Amino acid sequence: AVSIFNAVAQRIPSRIALAGKLLTEHRQSTIHELTVENILHGLRGTPCLLWEISETSPLGIKYHGKTVTELNALLPKWPMSTQISPEAMLWFLYTAEIPTPTQLKHFSNDLISRAELPLDAQTFCDGLSTDIPADTQIIMTLSFLSRYSKFTAAVTKGAHKNDLWKYVLEDALDITARFPMILSRIYANVHGLPHQPWSIDLDLAANYARHIGREHDTDYTEFTRMCWSLYMDHGTSVSAHAMRLVSSAWTDPYLTVASGYIAGTGPLHAKAIGDSVMFNLALISALGPNATKEDIATHVGQHLLGGKIVPGFGHALLRVPDARLVALTNFLETHPSSDPKVDDFLNLIQSINSVVPPLLREKVQGMRNPHPNADALSGSILHAYGVPVDFMLSFFACSRAPGFLVQQVWDRALGLSMERPLSLTMDELLAKAETK
Ligand code: MLT
């Protein structure tokens, strides 16, 4: 079967030719007029970062021109699974091709064979005090592993710049497998569980689920596959953009991913997943499990009066319902819990998600999209599965990190420049605006 290295290598000439055409035929073409609003509002609406693997717009995301729904139908699934395989999604992001089942199996075997941490990293990770927050332990272990970066070793040895993508890909594949291994290891350490060897007979999600003691929870493994496929890439979100910026200086992929993780700890970004769970639990503890929509509206109204945000609502980019939220909702419908309490909890979350948008529209001036995004439900489903809030960010980072690393591989394959825009003060901005 064609390896991922060969599949990427086959695609490189046509992509380099396209970059060359853009630069020779359209070097000075204007594609967007930059406004003062763009500059003051976080470059919203400014199409200015080249992204090889997907295209995001207010209408949603397409991966190499395909929607999540299309990919769900096209990508091969693991035997006995009804969810997109994260490994198949990853192959597709790297190559823009649908992998054959044989390619997928070889790819998965390659990944699992890379999962084991070097002995010194195991000792480092297992030696971390279990009262250090999980996120910090993960960032520390990733940073420790940076000494194993094959990319940095190649740069240090003076490898030709045209070959650097291969070393980024080596690191990217190592990290794709090691990230869930680190998460499982830290989870097992914190919860006193034995470490499990990873098996090539299982995919990444099933190995991870087994390591954290959920070997027999098929629904949880299926949920993991779905989330890891859906969260791999969402364009230049804060974590991906942080990784893009950092890696543009040829920072190694381990530290790049650590920087993305740190970016994810912002409450306006991925921390919103856990914050949304805490918000929902606080609401339930204040109003009881049988809260009516009116009770919820009063509670949320008071919360908003305090000038606080409701985590998981609105989106910096999307102006249509988040396709990932639709997929999560479908998952709940097709995988109902056998525990009525869990069903009641998730039903209440759905009520919260329907009550909040009109309130946000009424009470928060200028909010363009008051709808719940994927973060308003994903964490609550994990909570229903018994996953502690402090392990939620890492659950999603297991997917965002490999997704971004595809971009890092392509950045080196295309020889893209370091990111370095100009900065200007408000006084200069005013002077420029007034002379227009
Ligand atoms: C994400 O998946 O990163 C979030 O939806 C945030 C974003 O896209 O800006």
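Trainee: In strand 2, which residue is the bridge partner of Ser 54?
Mentor: Tyr 63. Strands here are DSSP E runs of at least two residues, helices are H or I runs of at least four, and both are numbered from the N terminus.

Trainee: Before we go on, what are the ground rules?
Mentor: It's a predicted model, where local features need pLDDT of at least 70, side-chain atom pairs count only at pLDDT 80 or more, and totals for chains, interfaces and linings use all residues. Residues are numbered from 1 along each chain as its sequence is written, and side-chain values use heavy atoms, leaving out hydrogens and water.

Trainee: In which sense do strand 1 and strand 2 pair?
Mentor: Antiparallel, over four bridges. Pairing takes at least two bridges in DSSP. Strand 1 covers residues 54-57 and strand 2 covers 60-63. They form a hairpin with two residues between them.

Trainee: New topic. Where is Asn 38 placed?
Mentor: In helix 2, residues 36-40.

Trainee: Which backbone atoms lie by a polar atom of the Asn 38 side chain?
Mentor: The backbone nitrogen of Thr 35 lies 2.9 Å from a polar atom of that side chain. For the backbone oxygen of Arg 44, the distance is 3.1 Å.

Notes: A polar contact is a pair of N or O atoms within 3.5 Å; within protein, one must be able to donate a hydrogen and the other to accept it, and residues adjacent in sequence count only if both atoms are side-chain atoms.
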